[in-house]
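Student: I would like to learn how to read a predicted complex feature by feature. Where should I begin?

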Number of protein chains: 2
Amino acid sequence: MSLGSSSQNLAPADRAPTAPLPDELNPGTLTELIELLFFAYRDFTGEVDAQLADLSFGRAHHRVLYFVSRHPGLPVAELLDILKITKQSLARVLKQLVDGGFIVQEPGTIDRRQRLLYPTGEGARLASDLTELQMRRIAVALERAGPDAAVAIRAFLSGMVSPGDRDHVDDLLLAAAARGALAGPDA
Amino acid sequence: MSLGSSSQNLAPADRAPTAPLPDELNPGTLTELIELLFFAYRDFTGEVDAQLADLSFGRAHHRVLYFVSRHPGLPVAELLDILKITKQSLARVLKQLVDGGFIVQEPGTIDRRQRLLYPTGEGARLASDLTELQMRRIAVALERAGPDAAVAIRAFLSGMVSPGDRDHVDDLLLAAAARGALAGPDA
DNA sequence: AAATTTAAGTCAACATAACTGACCTAATTT
DNA sequence: AAATTAGGTCAGTTATGTTGACTTAAATTT
């Protein structure tokens with residue numbers, strides 16, 4: 001439409017009667033959210049990356065360990081679909097986690113071709129430690145947003161997921177919630 | 001709406017009198033937000049990555065082009081601080097953007113050691129195209145969250161930034177808003 | 001029962017984006 | 001004049017991803 005960045009108080013002339021979208025959806029607000037998302041994610045992952053560097057693991061290991069701990073019994077194909085990487089990429093990282101004793105692979109009982117992934121005790125403990133760091137950060141952010149905002153924030157983040165994958169993601173979350181996996185530090 | 005497991009309407013029995021922290025800060029909610037953040041960011045960046053692959057550019061190029069377009073005249077040191085990478089890492093990517101005619105470097109007028117980074121016309125156009133994709137995605141997500149939530153979401157994302165950097169990030173956003181840079185698709 | 005498909009693993013080569021460490025130039029500050 | 005700072009550069013390394021080709025074993029289809 002028109003507006004430069006935020007809203008009013010420019011030359012009032014060319015502002016005209018065009019006000020079709022709610023003020024919160026103007027480019028200035030959207031651009032700020034884009035930028036904040038970058039900074040938020042940079043630090044959200046950076047903290048955990050730093051922790052993992054001590055174990056000579058990287059972000060890729062964390063992602064695998066996280067999803068396996070959160071969804072124990074996850075088949076490899078499902079993990080690939082979540083991470084959107086190739087199985088060759090996964091293989092190296094997964095092997096290191098298995099060799100290190102953080103994850104075990106069990107043949108599936110209904111389909112014995114599958115390798116279902118489970119965290120070991122140590123794997124679960126490590127995952128829980130890292131997740132606790134991230135939960136703390138989220139809790140801080142949530143307090144600043146006002147805890148009432150949690151529902152809206154969840155809707156926002158879910159809305160960022162590509163439509164073709166949104167149902168899948170929601171299913172995953174539902175399944176995990178029903179299972180009560182990785183309940184957290186107090187579990 | 002979408003919510004996995006939000007709150008009420010479970011068996012009312014085992015809900016008990018333990019409510020020390022606000023219901024929204026329980027581990028289940030925090031873990032869901034962790035997970036949604038991963039999926040949201042995965043797709044938020046994935047869409048743009050796919051676009052850039054056609055130009056044989058990657059996410060690193062996008063980040064540089066984005067910040068230079070959003071903050072024209074950015075000194076190299078400031079960009080390094082934003083991206084939290086080394087200057088050797090930046091060098092390769094920046095060179096490709098300069099060689100490709102997307103970014104120019106001007107010596108600073110007050111401090112002639114500095115190289116201030118500016119987008120070219122083509123650079124600004126490309127940045128704007130990519131940003132428009134991301135704005136659309138954010139707008140969709142914001143509608144699902146309810147546009148009133150924009151303020152809370154901004155507070156949330158800002159709260160995710162590490163405390164030592166939060167003021168710096170807020171300053172950056174303020175400066176850009178005042179400048180009105182990268183006005184959007186119509187600019 | 002044989003043929004096909006699927007889940008997973010593996011080997012090899014390669015690309016990108018980060019890293020460390022050492023060193024250089026030019027401009028500014030002390 | 002000396003020291004510091006902004007930026008650039010060369011060389012080597014690591015982490016994480018990619019294609020493509022091929023294998024095995026289990027399930028499914030014909």
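Tutor: Begin with contacts along the chain: two residues are in contact if their C-beta atoms, placed from the backbone, lie within 7 Å. In chain A, residues 24 or more positions apart account for 50% of the contacts with a separation of 6 or more. This is a predicted model, in which local features need pLDDT of at least 70, side-chain atom pairs count only at pLDDT 80 or more, and totals for chains, interfaces and linings use all residues. Residues are numbered from 1 along each chain as its sequence is written, while chains are lettered from A and ligands numbered from 1 in the order in which they are written.

Student: How many helices and strands does chain A have?

Tutor: Helices (H or I, at least four residues) and strands (E, at least two) are DSSP runs, numbered from the N terminus. Chain A has seven helices and three strands, in the order α-α-β-α-α-β-β-α-α-α from the N terminus.

Student: How do the strands of chain B pair?

Tutor: Two strands pair if DSSP finds at least two bridges between them. In chain B the three strands form an open, antiparallel sheet with the order β1-β3-β2. Two antiparallel bridges link β1(B) to β3 (residues 115-119) of chain B, and Pro75(B) stands opposite Leu116(B) of β3(B).

Student: What share of chain A is buried?

Tutor: A residue is buried if 20 or more other C-beta atoms lie within 10 Å of its own, exposed if 12 or fewer, and partly exposed in between, with C-beta atoms placed from the backbone. Of the 187 residues in chain A, 36% are buried.

Student: Is Pro163(A) buried or exposed?

Tutor: Pro163(A) counts as exposed because it has 9 C-beta neighbours inside 10 Å. Pro163(A) belongs to helix α7 (residues 163-179) of chain A.

Student: Which residues have the most contacts inside the largest nonpolar core?

Tutor: A nonpolar core is a set of buried Ala, Val, Leu, Ile, Met, Phe, Trp, Tyr and Cys residues joined through C-beta atoms within 7 Å. The largest one has 50 residues, and those with the most contacts inside it are Ala152(A), Ile153(A), Phe156(A), Ile153(B) and Phe156(B). Two or more residues each come from α1 (27-53), α5 (121-145), α6 (150-160) and α7 of chain A, and from α1 (27-53), α5 (121-145) and α6 (150-160) of chain B. A second, separate core has 17 residues, among them Leu65(B), Leu74(B), Ala124(B) and Ala127(B).

Student: What does Phe156(B) touch?

Tutor: Leaving out residues up to four places away in sequence, Phe156(B) touches Ala141(A), Leu142(A), Arg144(A), Ala145(A), Ala149(A) and Ile153(A).

Student: How many residues does each chain give to the contact?

Tutor: Chain A gives 65 residues and chain B gives 63. On the side of chain A, α1(A) gives the most, with 18 residues. That side divides into 37 nonpolar, 15 polar and 13 charged residues. Here Ala, Val, Leu, Ile, Met, Phe, Trp, Tyr, Cys and Pro count as nonpolar, Asp, Glu, Lys and Arg as charged, and the others, Gly among them, as polar.

Student: Which residues are closest to DNA strand C?

Tutor: A residue is near a molecule or strand if its C-beta atom, placed from the backbone, lies within 6 Å of it. DNA strand C is surrounded by 22 residues, the closest being Pro75(A), Ala77(A), Gly58(B), Ala60(B) and Ser89(B). Elements giving two or more residues to this surface are α3 (76-83) and α4 (87-99) of chain A with α2 (59-70) and α4 (87-99) of chain B.

Student: And which come nearest to DNA strand D?

Tutor: Of 23 residues around DNA strand D, the nearest are Gly58(A), Ala60(A), Thr86(A), Ser89(A) and Ala77(B). That surface divides into seven nonpolar, nine polar and seven charged residues.
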